[in-house]
Amino acid sequence: MSTLPDLRYSDVEDALRASVRDLLADRCPWSAVLRRCETSEPYDMDLWRRLAGGLGCAGLLVPERYGGAGASAREVAVVLEELGRAVAPVPFLGSAVLATSALLACGAGDGADDCLGPLAAGERTAALAVPFATPPGAPFPASVHAEGDRLTGRVVGVVDAVVADLLVVPATGADGPGLYVVEVGGSAVAVTLRTSLDLTRPIADVTLDGAAARRVAGPESAAAALDAALVAGAALLASEQLGVAEQCLETTVGYVKTRYQFGRPIGGFQAVKHRLADLWAAVTSARSAARYAAACLATADPDVRVATAVAQAHCSEVAVTAAEECVQLHGGIGFTWEHPAHLYLKRAKACEIALGSPDRHRAALAALVDLPAATP
Amino acid sequence: MSTLPDLRYSDVEDALRASVRDLLADRCPWSAVLRRCETSEPYDMDLWRRLAGGLGCAGLLVPERYGGAGASAREVAVVLEELGRAVAPVPFLGSAVLATSALLACGAGDGADDCLGPLAAGERTAALAVPFATPPGAPFPASVHAEGDRLTGRVVGVVDAVVADLLVVPATGADGPGLYVVEVGGSAVAVTLRTSLDLTRPIADVTLDGAAARRVAGPESAAAALDAALVAGAALLASEQLGVAEQCLETTVGYVKTRYQFGRPIGGFQAVKHRLADLWAAVTSARSAARYAAACLATADPDVRVATAVAQAHCSEVAVTAAEECVQLHGGIGFTWEHPAHLYLKRAKACEIALGSPDRHRAALAALVDLPAATP
Amino acid sequence: MTATTSVPDAERLRALVRDFLATHDPRERLRFLRARFDAGLAWVHYPEGLGGLGLPRALQSVVDEEFAAAGAPDNAPRRNLIGLGMVAPTILRFGTEEQKRRFLRPLWTGEEAWCQLFSEPGAGSDLAVLATRAVRDGDDWVVTGQKVWTSRAHEADWAILLARTDPDVPKHRGLTYFLCDMHSPGVVVRPLRQATGEAEFNEVFLNRVRIPDAHRLGAVGDGWRVAQTTLMNERIAIGGGAAPRETGALGVVARTWRERPELRTPGLHDELLRLWVAWEVNRLTNERIRQQLANGQPGPEGSAVKLAFARLNQRVTGLELTLLAGEGLAYDDWTMRRPAGVDFTQRSPGYRYLRAKGNSIEGGTSEILRNIIAERVLGLPPEPRTDKDVPWKDLPR
Amino acid sequence: MTATTSVPDAERLRALVRDFLATHDPRERLRFLRARFDAGLAWVHYPEGLGGLGLPRALQSVVDEEFAAAGAPDNAPRRNLIGLGMVAPTILRFGTEEQKRRFLRPLWTGEEAWCQLFSEPGAGSDLAVLATRAVRDGDDWVVTGQKVWTSRAHEADWAILLARTDPDVPKHRGLTYFLCDMHSPGVVVRPLRQATGEAEFNEVFLNRVRIPDAHRLGAVGDGWRVAQTTLMNERIAIGGGAAPRETGALGVVARTWRERPELRTPGLHDELLRLWVAWEVNRLTNERIRQQLANGQPGPEGSAVKLAFARLNQRVTGLELTLLAGEGLAYDDWTMRRPAGVDFTQRSPGYRYLRAKGNSIEGGTSEILRNIIAERVLGLPPEPRTDKDVPWKDLPR
């Protein structure tokens with residue numbers, strides 16, 4: 001008999017969910033998301049300000065002494081579920097999870113603290129300058145070089161960077177790895193939007209050409225801080241994937257009840273029913289995995305790396321399956337640009353790759369639980 | 001545009017199939033197979049004599065000059081399909097395929113020729129003394145030691161050995177590896193039946209204690225002859241697996257048409273229909289894979305190792321899936337001893353392991369088609 | 001958010017148990033259990049006089065903890081799942097006063113063992129189509145038919161029995177529910193052997209078995225409704241804490257993997273890790289359900305766990321055989337035996353593989369579970385029903 | 001066992017082609033093609049006067065080889081699959097003499113391009129429920145409705161059209177088949193954009209389009225039967241030799257695996273090998289079908305190949321994106337374009353992944369294919385039909 005953390009939703013979490021869901025229902029219908037994604041402003045920064053500052057979501061992870069809400073990863077997970085359900089075009093994961101977690105892990109006194117207040121208040125937005133596909137446990141990146149307080153280098157595929165006011169950049173200087181904060185704006189920093197698979201959360205390439213930077217973590221803590229951010233991101237991304245999967249399931253169930261073929265709703269055909277039952281069971285299991293990862297992260301449980309690998313390996317595949325079933329069971333209409341299914345498919349597939357694909361998380365798990373690979 | 005061998009059944013093959021099927025329908029109903037499998041005579045040697053000698057099936061691979069039919073692997077494959085369909089308790093694979101292929105590969109003049117006549121005529125029965133799980137390409141076994149013409153050692157899990165009159169034994173002597181023929185009978189040879197997963201084709205352990213032997217292949221050809229036998233066995237086992245899968249599909253389709261629940265035959269429920277449609281498609285594809293492997297073997301096509309790896313990786317899984325679906329779609333009755341489904345399930349699972357499991361065949365394929373493993 | 005137990009009630013109960021323990025000798029097992037029943041400490045949520053005290057069900061754990069801490073004998077609940085889990089709640093709800101007084105005490109103490117005579121060869125997933133006939137004859141019913149998949153029938157004293165009393169009405173309406181004495185003349189029990197070689201279950205033949213009308217449970221023709229109570233209670237009780245990691249067949253194969261590096265192959269590594277992940281996730285889902293139940297919020301997730309477990313256990317045991325290669329070609333023992341239960345860790349890999357095939361059939365097939373999820377959880381339309389208003393005797397079979 | 005071609009016929013044909021080539025200038029493409037049609041060398045199995053010579057179909061390959069060997073222009077058959085494959089056989093079978101003479105020549109030469117107006121937003125898998133109405137008005141029919149998934153509608157001159165002429169009879173019986181001039185007033189074509197960003201297909205709106213009764217194909221109310229001929233001809237022609245190994249998306253990912261060792265992971269290796277095996281097996285099945293067809297033994301295996309291809313192409317393209325990791329997060333171009341066709345090797349991995357999702361929908365969904373296999377190949381019972389004898393106008397929608 002072992003003891004596991006509470007995997008249910010608390011009343012506080014339910015209330016937070018309700019307010020986020022209301023905001024998104026009001027400001028972020030999928031038709032608006034679709035319209036926006038081919039414009040020059042793929043992010044809805046008005047929505048972001050309401051979510052980040054108005055509802056205080058950007059500061060959930062930030063302690064109250066820095067102006068945050070002093071909540072935990074559990075609440076962040078609930079917000080991500082809702083953002084996933086809406087494929088909302090806001091930089092929550094990049095700013096409020098990845099960059100904020102990195103800064104929080106830098107430790108007090110190193111200057112990271114100063115950044116946290118404006119981020120928590122939703123006044124400023126940050127991004128963590130690593131390729132979005134980087135898994136926890138990856139080697140410290142070598143793509144950016146520090147010369148004193150100047151950074152030079154290039155990082156491709158950074159999530160949410162195109163709307164960031166500041167970048168948290170892992171870079172290596174003469175004395176070893178460090179995390180640096182760089183203000184976006186001057187000519188030494190170029191952030192270039194990429195044409196992205198995920199229309200609702202594009203990636204961008206960051207080029208630094210002697211950009212002015214402030215070091216917020218030195219050789220003793222930078223690698224750990226970066227890894228902590230990647231673990232937090234991966235653990236919590238599972239909740240976003242859960243939200244994506246849930247929405248796909250709900251949309252599909254709704255559709256098959258009203259689409260008639262052969263004189264019956266297609267949801268009455270047993271093969272369709274059984275596939276949706278299996279999908280429901282998969283979503284149910286994804287919820288357990290995502291909740292456990294968030295709960296472990298919230299209490300810095302020593303099992304957090306196992307929980308994260310399990311949640312990522314599992315929820316990535318459930319979200320992709322849910323989106324693929326959503327397309328298929330909608331038939332032709334689900335394959336058109338004017339139906340939201342493709343937005344979810346693209347988000348789900350991008351999430352699968354983000355922060356480590358399932359096979360990479362399974363490989364990490366093998367080491368964590370002592371199931372070594374075959375030696376050839 | 002490439003050229004592939006004929007993957008259809010020829011008229012000769014169809015005629016051979018018909019006569020084997022008639023014999024099995026007459027002498028080998030599943031109820032008789034079930035009754036026999038808990039007796040002290042798990043093999044039906046009367047049936048074997050009719051099949052081997054009467055129909056001439058034991059000599060299909062053997063050239064006419066040795067008293068065989070001088071047919072090819074294509075015809076053997078058709079016989080195996082039928083034996084798989086009937087889970088027939090006869091030592092065809094062990095004697096007419098594995099042992100016979102080994103002897104044929106020894107080359108003329110080494111004394112192997114003498115054995116072939118009685119084997120081809122069905123007068124005697126042989127087994128190849130290697131563990132049944134041995135895949136093609138496995139290292140030459142070290143379990144038996146030769147001192148001159150005396151063999152000592154132990155081989156576990158040999159298929160069809162318990163009814164063999166002679167054993168073809170890979171053994172290593174002072175001058176290297178050799179293939180030897182050992183007569184079963186004397187006190188220096190013990191063949192012990194094992195309680196086996198596959199009730200209809202048990203394995204046995206062979207213990208040699210200074211057993212008199214005749215060498216039929218020396219260091220220059222023994223390893224190649226053994227490997228040729230394992231390739232032939234694996235390539236042709238795919239056809240047996242096809243037969244198992246076909247029979248499971250047919251039995252299940254027949255059952256669901258007549259089993260009524262909720263006022264309808266359960267075969268009218270769409271989820272059942274779709275699963276059986278998928279299974280039919282899988283069986284269809286298994287036929288292509290098995291036919292290609294047999295055709296390549298028949299003409300010593302250089303693609304035979306690829307064809308064998310593909311056929312084994314694919315047909316193993318199709319046969320197991322078909323047997324598992326057969327149990328499941330029969331419901332409770334399919335799980336009882338008095339229904340044939342379990343005989344097929346056990347045969348299918350044993351076949352999957354035999355001569356290399358699918359993952360091992362995929363690993364072999366990776367080397368053959370230049371898709372190397374990841375280097376950690 | 002956590003379940004709260006009224007502290008005064010809990011303390012009062014603890015005191016009651018301690019008083020009871022002080023005055024009864026736990027070494028006299030049967031006498032001790034009978035007295036515990038009579039003291040209302042058997043199932044505290046049952047009424048007074050029927051083994052309970054009319055208290056909330058959540059308080060039962062307080063009582064069980066106290067008795068367990070004192071090392072007192074229990075009523076072997078794991079050996080009596082049908083009686084305690086399914087028969088007792090049905091008798092409590094539908095039984096007459098005489099029936100409750102007659103049956104509940106020996107059921108709880110384990111003096112009388114129970115089995116369930118519902119399924120028939122022609123009535124599996126579609127239980128309501130069952131054909132066993134009960135014909136009224138004076139104060140008795142005369143029952144003839146064949147039942148199947150009956151656990152423990154060979155050691156049971158009593159059975160709950162569903163039989164058809166009116167073939168002229170649609171299938172759900174012509175059934176009646178009985179309590180059947182398994183020692184009656186005409187009851188013949190035969191072992192039903194499985195693919196594993198052993199027989200956990202039985203076939204039960206009923207040949208003109210007489211059942212007094214006093215042993216009818218519920219009204220004539222109301223058997224389907226009574227049976228729903230039995231079936232809904234099938235999987236309610238989940239006690240204890242969270243299961244540990246790597247239980248059952250997965251634990252066996254993980255141990256084999258660690259201890260025998262020579263068996264490992266790259267292809268099986270990925271499959272093992274996939275199964276490890278899925279097994280762990282199923283454990284977490286089970287734990288969520290447990291937490292919700294403790295909080296009085298039962299949900300439909302149990303069916304997701306059962307569906308997943310069946311598939312996983314089948315894949316895990318299949319992987320084990322493949323991993324073992326040549327060793328997987330052997331089996332331990334085909335002898336026909338009567339096992340006390342299912343054990344996924346003590347027997348051979350071949351046994352595990354074969355036995356796991358039953359997981360998607362027993363206790364509701366995976367197909368029926370998917371139907372239930374689709375219709376009751378997702379609200380998808382039912383199958384077009386051709387048999388609903390047809391008299392049972394006219395149904396195609 | 002192989003198909004034999006009558007040698008005298010073949011030789012006579014070769015001579016005919018050579019004579020033709022000697023007397024016609026292949027540089028004048030259209031004139032050349034028209035003359036070839038008039039000489040009966042378009043499709044030799046068609047009747048004389050309609051582009052053929054009434055010879056066995058197998059002899060066409062002789063003609064095609066000779067023309068190809070001479071470097072003569074062909075009629076671009078790959079750009080005219082609907083016209084040559086589906087429209088022509090239907091007109092040949094059901095058309096009047098005038099219709100055959102009017103339509104077959106420009107169809108064959110490619111002067112007139114064809115599209116198919118069958119599917120509708122409310123009639124996909126259940127085509128027969130379509131709602132486009134055709135009402136008789138003097139010598140014309142007036143057609144109003146909306147069609148969808150129409151390839152090449154934006155460049156087509158003519159369409160085959162299925163419309164409802166009688167809403168008061170069950171759905172299959174009230175349909176009529178027309179040949180519709182796409183340049184008629186009231187025909188509006190709009191591109192239908194897909195998840196990939198581009199538009200291979202169109203929506204076609206028909207607003208009081210007038211079609212002369214002379215362009216009706218088959219009898220009024222007989223449209224369903226005529227359409228069956230169209231649909232059955234959809235996938236008949238399989239020419240050429242066996243496909244090589246590692247085609248299409250699988251070839252791309254295998255090449256990436258070989259050339260970029262830094263991307264390889266152990267978990268993806270096993271998945272890649274599984275897909276390689278399945279892709280190769282599907283190639284072999286396709287080859288068996290080709291051999292059987294060459295021998296005049298068509299079988300139902302084509303549906304197995306289509307089912308498997310859809311699933312495999314989806315898994316292969318999904319694997320490629322995962323293998324590429326960060327690179328898989330990018331896309332090449334979302335611009336709305338009108339591609340000439342589908343290309344699984346030239347565009348970006350993301351395009352392949354998205355486009356492959358259509359494989360299990362277009363040309364009959366995988367669900368409908370499974371129904372067809374289950375009912376027509378395995379002989380399993382059809383779904384209970386609630387719509388068979390109901391007038392179309394009363395069907396639930």
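Which residue forms a salt bridge with A:Asp114? The views below start with the answer.

**View 1. A:Asp114 and its salt-bridge partner.** A:Asp114 pairs with A:Arg214, and their closest N and O atoms are 3.9 Å apart. A salt bridge here is a side-chain nitrogen of Lys or Arg within 4 Å of a carboxyl oxygen of Asp or Glu. The rule finds one salt bridge across the interface of domain 1 of chain A and domain 2 of chain A. This is a predicted model, in which local features need pLDDT of at least 70 and side-chain atom pairs count only at pLDDT 80 or more, while totals for chains, interfaces and linings use all residues. Residues are numbered from 1 along each chain as its sequence is written, chains are lettered from A in the order in which they are written, and side-chain values use heavy atoms, without hydrogens and water.

**View 2. Domain 1 of chain A against domain 2 of chain A.** Chain A is divided into domain 1 (11-121), domain 2 (126-221) and domain 3 (224-367), with bounds from an automatic or database domain assignment. The contact (heavy atoms within 4.5 Å) takes 25 residues from domain 1 of chain A and 22 residues from domain 2 of chain A. Together, the two domains bury about 1800 Å², 68% of it on carbon and sulfur atoms; buried area is the accessible area (1.4 Å probe) that two parts lose on being put together, summed over both.

**View 3. The C-alpha centres of the two domains.** For domain 1 of chain A and domain 2 of chain A, these centres lie 20 Å apart.
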